Amino acid sequence: MLNVIVFGAPGSGKGTQSEKLINQYGLHHISTGEVLREHISKGTELGKVADSYISKGQLIPDELMVKVLADVLDNNPGKTANGVIFDGFPRTIPQAKALKQMLAERHTRVNAVIGLEVDEDDLIGRMLRRGAESGRADDNIDTIKKRLDVYHNQTSPLREYYLQEGKYIAVDGNRGIDEIFSDIKSHLDKKLVK
Ligand code: AMP
């Protein structure tokens, strides 16, 4: 079983690399952003609450987010058997602690944290391009700036947290998609033979 967190600033390529990892290792992809966007498009109660935060570039409160993740894990027991790619979760230290506990209760743990490190100047351009191509509502310049502030204040401390846990693997995300992926793969293959 291989549980991997794909970590990085908004626009760092988490979704792109996660897609490639699913194919390579047969892992189940959980993107909390995608889960929330689906709720928003279906107009659920959770979707309404989520939209009020996402549209402002803010994080959904930890307690609610942890509950959402636990529901996804509990509702997909077969799919998560080979392991999970966590994309966009955790985003705060309390979420990381809750994830550790949730996985321990399910007799498993985080094996690796892939940290996609991308120059700040490139992130904004990438998100603006994604917004133009996909129509994703929070990929507009005002919300992007807020999301980057939130990342620096609330999410980036997780880099240190997972370094201390001996799980953080820094990956230079300023390269082509395939080059980045082969770098990630060589790191994860080493974890698998251990
Ligand atoms: P993403 O698709 O991962 O960029 O997430 C889009 C938005 O969903 C974020 O800007 C947050 O508002 C919200 N979101 C996604 N994951 C989380 C999380 N783990 N904690 C809090 N908010 C989240």
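Contact here means heavy atoms within 4.5 Å. Axes are lines fitted to C-alpha atoms, for helices over the stretch in contact, and angles run from 0 to 180 degrees between N-to-C directions. Helices (H or I, at least four residues) and strands (E, at least two) are DSSP runs, numbered from the N terminus.

The model is predicted: local features need pLDDT of at least 70 and side-chain atom pairs count only at pLDDT 80 or more, whereas totals for chains, interfaces and linings use all residues. Residues are numbered from 1 along each chain as its sequence is written, and side-chain values use heavy atoms, with hydrogens and water left out.

**The sheet**

Five strands form an open sheet with parallel pairing, in the order S2-S3-S1-S4-S5. Two strands pair if DSSP finds at least two bridges between them. Strand S2 (28-31) and S5 stand at the edges with a single partner strand each, so one side of each has no neighbour in the sheet. On average, neighbouring strands of this sheet are turned by 20° against each other, direction ignored. Helix H8 (residues 157-164) lies across S1, strand S4 (112-117) and S5, and runs at about 125° to S5.

Strand S3 (residues 84-87) is joined to S2 by 4 bridges and to S1 by 3 bridges. The table gives bridge partners in S3.

| Residue | Bridge partner in S3 |
|---|---|
| His-28 | Val-84 |
| His-29 | Ile-85 |
| Val-4 | Ile-85 |

In a regular strand the side chains alternate between the two faces of the sheet. Both faces of S3 are covered: Val-84 and Phe-86 are buried on one side, and Ile-85 and Asp-87 are buried on the other. Buried means under 20% relative accessible area, exposed over 50%, and partly exposed in between (1.4 Å probe, protein chains only).

Thr-80 is placed in the loop between helix H4 (62-75) and S3. Thr-80 counts as buried because its relative accessibility is 10%. Its side chain reaches the backbone oxygen of Asn-76 at 3.1 Å. Such a polar contact is a pair of N or O atoms within 3.5 Å; within protein, one must be able to donate a hydrogen and the other to accept it, and residues adjacent in sequence count only if both atoms are side-chain atoms. Not counting residues up to four places away in sequence, Thr-80 touches Met-1, His-28 and Leu-73.

Gly-78 is found in the loop between H4 and S3, and is exposed with a relative accessible area of 59%. Its C-alpha atom is separated by 9.6 Å from that of His-28, 50 residues apart along the chain.

**Aromatic rings**

A search of the whole structure finds 3 aromatic pairs. Rings of Phe, Tyr and Trp (its six-membered ring) pair if their centres lie within 6.5 Å; planes under 30 degrees apart count as stacked, over 60 as edge-to-face and the rest as tilted. Phe-7 and Tyr-151 have ring centres 6.2 Å apart and planes at 45°, so this pair is tilted. The pair links Phe-7 in strand S1 (residues 4-8) to Tyr-151 in helix H7 (residues 141-155), 144 residues apart. Phe-7 is buried at 4% relative accessible area, and Tyr-151 counts as buried at 14% relative accessibility.

Phe-7 and Tyr-168 form an edge-to-face pair, 6.2 Å centre to centre with 80° between the planes. Tyr-168 is in strand S5 (residues 168-172), 161 residues apart from Phe-7, and Tyr-168 is buried.
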